[in-house]
Amino acid sequence: AAIAGGRYGDQLLVAGGTAGAAGALSDAAVFLVQPDSIHPEKMVAKTAAATSNLLDGNRVLAATVALPTGHVLLAGGVGGGPGAWLARTKVLLWGAF
């Protein structure tokens with residue numbers, strides 16, 4: 001999810017995902033988004049500002065919504081792994097830096 005106008009500028013939240021046969025990931029990272037040095041009209045994620053683990057474990061197929069407050073709402077999805085997928089029922093709220 002893209003977060004516009006955080007304390008340190010625009011940010012990008014990347015959370016969860018899959019590692020193929022290994023199942024869902026529990027990693028999360030916030031990247032600072034800056035203009036590209038060669039093409040300043042293009043924005044690129046340059047620096048990992050923070051990394052963490054999702055509080056309720058691994059998650060894939062979740063939905064994210066960037067809120068006007070600068071927060072990101074992460075909801076739904078499944079966790080676990082192949083043959084043992086479980087619905088994720090907790091809603092997570094991330095705040096911009």
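Student: Which residues make the nonpolar surface patch of about 400 Å²?

Tutor: Val-65, Leu-67, Leu-73, Val-91 and Leu-93 make the patch. Patch members have over 30% relative accessible area and no salt bridge, with nonpolar side chains (Val, Leu, Ile, Met, Phe, Trp, Tyr) joined within 5 Å and like charges within 9 Å. A salt bridge would be a side-chain nitrogen of Lys or Arg within 4 Å of a carboxyl oxygen of Asp or Glu. This is a predicted model, where local features need pLDDT of at least 70 and side-chain atom pairs pLDDT 80 or more, while totals for chains, interfaces and linings use all residues. Residues are numbered from 1 along each chain as its sequence is written, and side-chain values use heavy atoms, without hydrogens and water.

Student: Why is Leu-73 called partly exposed?

Tutor: Buried means under 20% relative accessible area and exposed over 50%, with partly exposed in between (1.4 Å probe, protein chains only). Leu-73 has 31%, so it is partly exposed.

Student: What makes Asn-58 count as buried?

Tutor: Its relative accessibility is 17%, so Asn-58 counts as buried. Asn-58 sits in the loop between strand S4 (43-53) and S5.

Student: How do you know that S6 and S9 pair?

Tutor: Pairing requires at least two bridges found by DSSP. Strand S6 (residues 72-75) and S9 have three, in the antiparallel sense. Leu-73, in S6, stands opposite Leu-93 in S9.

Student: Why is one side of S5 and of S9 left without a neighbour in the sheet?

Tutor: The open, antiparallel sheet runs S5-S6-S9. Strand S5 (63-66) and strand S9 (92-94) are at the edges with a single partner strand each, so one side of each has no neighbour in the sheet.

How values were computed
Helices (H or I, at least four residues) and strands (E, at least two) are DSSP runs, numbered from the N terminus. Accessible areas come from the Shrake-Rupley method with a 1.4 Å probe; for residues, only the protein chains shown count as cover.
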